[in-house]
Amino acid sequence: FGLDHIPEEKGAVVATNHSSNLDPPLIGADLTRPLFTMAKKSLHETPVLGSVIRRLYSFSVRRGVLDTTALRTAVSLLEHDNLVLMFPEGTRSPDGELQKPRPGVGKIVAEASVPVVPGYVKGSYEAWPKGQAVPKPHKTSVHFGEPLELTERAHGATDREDYEAISQRIIDSIRGIKNRVDSTSQEGTGQD
């Protein structure tokens, strides 16, 4: 839902919740242009999977440290009018709920000065939560919201506190989409 919010030509960060390994393919499935994705370095080092995800526009990031190479790669892709998928939470949610955002996405948005398309992936946690060996059938959907123009806020952002504020604004927007989608789902089933 909301594919019309994805820019057809310009660079943008696509920022969503992250509850499952299913999220990147679900998010990119109906897009008409490549979606570059940061994935943890260990996935890139896995023989078969690493080869597959690199072909699907993935680049590696070292978790737990400030990976300046990954940050520069993301900014460069955005400056060259590409779409880059980012998960403000940094990693998959252990319980399917939104987690506190990390400053990395805020830093990238500040440096690239591009819009952010917030999104919410519904049902992926139920289909394949962290720790479950294989996915199980479950209805999923992806909902994109209106792009956030954070360039004014990002202009002049220079420290962790600024980047955290940008990341918080993004996660708040994702939460708004989630609340809207969840309330619409409950109304459709007659639940309160």
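Here are a few notes on the sheet and the aromatic pair in this predicted model.

1. Some ground rules. Residues are numbered from 1 along each chain as its sequence is written, and side-chain values use heavy atoms, leaving out hydrogens and water. In this predicted model, local features need pLDDT of at least 70 and side-chain atom pairs count only at pLDDT 80 or more, while totals for chains, interfaces and linings use all residues.

2. Start with the open sheet: 6 strands with mixed pairing, in the order S3-S2-S4-S1-S5-S6. Strands (E, at least two residues) and helices (H or I, at least four) are DSSP runs numbered from the N terminus, and two strands pair if DSSP finds at least two bridges between them.

3. What stands at the edges? Strand S3 (58-61) and strand S6 (141-144). Each has a single partner strand, so one side of each is left without a neighbour in the sheet. From one strand to the next, the twist averages 30 degrees, with axes fitted to C-alpha atoms and angles run from 0 to 180 degrees between N-to-C directions.

4. Strand S1 (residues 12-16) pairs with strand S5 (residues 116-122) in the parallel sense, over 4 bridges. Thr 16 has Gly 119 in S5 as its bridge partner.

5. There's 1 aromatic pair in the structure. The ring centres of Phe 36 and Tyr 57 are 5.1 Å apart with planes at 65 degrees, so the pair is edge-to-face (centres within 6.5 Å make a pair; planes over 60 degrees apart count as edge-to-face). Phe 36 sits in strand S2 (residues 35-40) and Tyr 57 in the loop between helix H3 (47-55) and S3, so the pair ties together parts 21 residues apart in sequence.

6. Buried or exposed? Phe 36 is buried at 16% relative accessible area, whereas Tyr 57 is partly exposed at 38% (buried is under 20%, exposed over 50%, partly exposed in between, with a 1.4 Å probe and protein chains only).

Note on methods. Rings of Phe, Tyr and Trp (its six-membered ring) pair if their centres lie within 6.5 Å; planes under 30 degrees apart count as stacked, over 60 as edge-to-face and the rest as tilted.
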